[in-house]
Amino acid sequence: MKFKYVIVGAGLAGLTVAERIANELNEKVLVIEKRGHIGGNVYDSYNNDGILIHNYGPHIFHTNDREVYLYLSKFTKWNDFWHRVLTYVDGNLVPMPITVETINKLYNLNLDCFQVEEFLKQQAEDIKEVKTSKDVALSKVGQDIYEKIFETYTKKQWGVDPGQLDTSVISRIPIRLNRDTRYFADKYQGMPSHGYTKMCENMVANKNIKIMLNTDYKEVMDQIDYDYLIYTGPTDEFYNYKHGKLAYRSIRFEFETFDLEEYQEAPVVNYPNDYDYTRITEFKKLTWQKHNKTTICKEFPCAEGEPYYPFPTKDCKAQFALYEEEMKKETNVIFLGRLAEYRYYNMDAVVRRALDVFKELSNNVR
């Protein structure tokens with residue numbers, strides 16, 4: 001087989017580059033995917049009861065990047081969805097991220113925005129050098145809130161103490177000195193009207209794109225003649241674990257369907273201290289689907305399984321740096337995405353990265 005472009009992985013990163021190559025360059029492109037479907041972790045499907053679920057946990061699109069929003073809007077219409085999350089603490093449900101409402105409910109107070117700001121200043125610890133996620137939390141909200149909301153949840157999520165994790169983990173969770181209880185504050189937010197899988201199908205609806213599912217790329221690459229390889233899989237696997245296996249955090253998903261109109265108050269409820277799971281998602285509250293039953297998903301973080309989250313520690317970053325040196329030597333291989341670049345990307349960020357990679361690629365071949 002002869003293809004100028006070969007892409008390994010049919011997640012958002014790979015599909016974005018494939019779509020651009022097929023439609024902008026009018027070139028044929030081969031996409032190789034080990035799973036039996038496209039879309040990567042944003043893949044959604046209808047379960048046996050006819051309820052649309054997110055097979056790999058909840059995905060909510062949000063961005064301040066207008067170009068990314070307009071790009072994806074070519075392939076889907078959006079439900080204007082504003083995500084809200086509740087956290088189960090001390091027997092009560094409080095809004096996340098931390099807002100004025102959270103503090104008032106957590107401590108049975110009636111503070112205004114200015115008073116909450118002063119309250120948090122009094123709680124916060126004076127950390128001279130913020131080095132870890134634990135330092136981030138303590139320096140912003142103090143010991144009590146750290147223990148109630150962050151400590152055990154983070155231990156469940158990552159399997160280690162927050163004091164061992166990079167600052168980026170807890171820094172992603174905003175603290176707002178207002179009453180805005182939306183989980184994200186981005187300008188553009190929404191859910192694809194007909195689901196992520198349909199959006200992905202629309203992205204690759206071009207005769208120039210050939211997709212091979214249920215295929216290990218290593219088993220077929222010697223049969224393919226190509227000029228460029230865009231690789232979105234794990235980098236340690238690409239190099240046959242030359243510098244050891246990189247650590248990832250995985251998740252086990254447990255789905256349950258109930259003969260109920262509604263299971264919980266919010267689309268997502270976090271459980272930082274109770275139970276072995278970290279959160280429960282109720283999909284109808286994400287998709288606006290009308291159904292007399294409802295399906296939920298409990299998430300159990302684990303060490304083994306499908307790689308989802310690169311491990312944010314100094315040792316892991318140092319190990320990946322060895323692979324980065326190998327990557328720099330490649331002349332016709334482009335590493336793209338969360339697994340290949342060993343970094344956490346939100347959906348909009350990975351699409352932005354893919355669009356930028358395409359621009360660089362197209363400039364090189366023209």
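Buried means under 20% relative accessible area, exposed means over 50%, and partly exposed lies in between (1.4 Å probe, protein chains only).

**Entry 1: ground rules.** I am working with a predicted model, where local features need pLDDT of at least 70, side-chain atom pairs count only at pLDDT 80 or more, and totals for chains, interfaces and linings use all residues. My residue numbers run from 1 along each chain as its sequence is written, and side-chain values use heavy atoms, with hydrogens and water left out.

**Entry 2: the tally.** I looked up salt bridges (a side-chain nitrogen of Lys or Arg within 4 Å of a carboxyl oxygen of Asp or Glu), and the structure holds 32.

**Entry 3: Lys128 and Asp126.** I found these side chains joined in a salt bridge at 2.9 Å, N to O. Both Lys128 and Asp126 are exposed.

**Entry 4: Lys298 and Glu256.** Here I have a salt bridge whose closest N and O atoms are 3.1 Å apart. It links distant parts of the chain, 42 residues apart: Lys298 lies in strand E15 (residues 294-302) and Glu256 in strand E12 (residues 248-258). Helices (H or I, at least four residues) and strands (E, at least two) are DSSP runs, numbered from the N terminus. Lys298 counts as buried because its relative accessibility is 14%, while Glu256, at 24%, is partly exposed.

**Entry 5: Glu261 and Lys284.** I noted 3.9 Å between the closest N and O atoms of this salt bridge. Glu261 sits in the loop between E12 and strand E13 (268-270), and Lys284 in helix H10 (residues 284-287), 23 residues apart.

**Entry 6: a network.** I also found Asp65, Glu67, Arg352, Asp356 and Lys359 joined into one network by salt bridges that share partners.
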